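Try each task yourself before reading its solution.

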Amino acid sequence: MTKISIITVNLNNKSGLEKTIESVVNQAYYPYIEYLIIDGNSTDGSIDVIKQYSDKITYWISEKDQGVYDAMNKGIKQSTGDYLLFLNSGDTLANSTVIEKLIQSGDNKDIIYGNVNYIFDTFTQKSDYPQTLTFDYFIFNTLPHPATLIKKEVLEKTGLYDISLPISADWKLFLTAIFKYNCSYKLVDIIVSDFYMNGMSCTQQAKLTVEDEKKRIFETEFTEYLNVINAYRKMRFTESSRLMNFVKKLGFFKYL
């Protein structure tokens, strides 16, 4: 059977961590799961939560790290699964059968991804990810790491996560895997996880940082696409300016 490594990164998010752990250990319909928790030396009682569930956790460590992607890389190095899923503290699997459904429907592709419920303060928004992933799509978008199984050999081939990119290293990894290494992929059209929009990538300043990081990667590693990228971004900027004015009227500006 296909073995799954689920990796949770945590730092001082005790209540969120417990929700995440419970959603993982409730995957009773797919027993071939190892669970790893990489904690960044939390001081809020997170370690007590980890110890409470220690009989359900394959491996855990608590020590200082260089950020979330450094912690995720630590998890990769300790994992032994065929596929890895990164479900960080606070995020939860949608139900007790999602891992089983991903494996059954994933056709052994290198990357198997599903959909996500994005949870805001006052509403929930369901994602719809495309079946075909184009380079144009990745100029502005990425895949949801809490809803994506990645073969471990893909992560080793691409060089793990780039810790010099504090926010968008997962975007770079997906882009590199698909467009430099031609990794196969498949959408399984189910809700896999609930992603809470209160993390490090959800602030307006973070979005500006992401743009800077993407620009650097495009200019250093995808120079053959630069003309297409610049034309597409210019077109989308005009469109997004119109959209922003509309969204402001709706009162959702704080979520952009």
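## Getting oriented

Of the 256 residues of the chain, 47% count as buried, where buried means under 20% relative accessible area, exposed means over 50%, and partly exposed lies in between (1.4 Å probe, protein chains only). This is a predicted model, in which local features need pLDDT of at least 70 and side-chain atom pairs count only at pLDDT 80 or more, while totals for chains, interfaces and linings use all residues. Residues are numbered from 1 along each chain as its sequence is written, and side-chain values use heavy atoms, with hydrogens and water left out.

The chain has 9 helices and 9 strands; helices (H or I, at least four residues) and strands (E, at least two) are DSSP runs, numbered from the N terminus.

## Exercise 1: a bridge across the sequence

Task: Find the salt bridge of Lys3 and state which parts of the chain the pair ties together.

Solution. Start with the rule: a salt bridge is a side-chain nitrogen of Lys or Arg within 4 Å of a carboxyl oxygen of Asp or Glu. Applied to the model, this rule gives 9 salt bridges. For Lys3, the partner is Glu34, with an N to O distance of 3.6 Å. Lys3 sits in the segment before strand S1 (4-10) and Glu34 in strand S2 (residues 33-39), so the pair joins parts that are 31 residues apart in sequence. Finally, check the accessibility: Lys3 is partly exposed at 30%, whereas Glu34 is buried at 5%.

## Exercise 2: helix H3

Task: Is helix H3 largely enclosed or largely open?

Solution. Count the buried residues of H3 (residues 68-78): they are 8 of 11, so the helix is largely enclosed by the rest of the structure. Among them are Tyr69, Met72 and Ile76. Then look at the surroundings: the buried residues of H3 pack against S1, S2, strand S4 (83-86), helix H6 (152-158) and H7.

## Exercise 3: the nonpolar core

Task: Which residues have the most contacts inside the largest nonpolar core?

Solution. A nonpolar core is a set of buried Ala, Val, Leu, Ile, Met, Phe, Trp, Tyr and Cys residues joined through side-chain atoms within 4.5 Å. The largest one has 66 residues, and those with the most contacts inside it are Ile6, Phe86, Leu93, Phe138 and Tyr161. H7 gives the most to this core, with 7 residues.

Now zoom in on Ile6, using contact to mean heavy atoms within 4.5 Å. Leaving aside neighbours within four places in sequence, the contacts of Ile6 include Val24, Ile33, Leu85 and Ile99.
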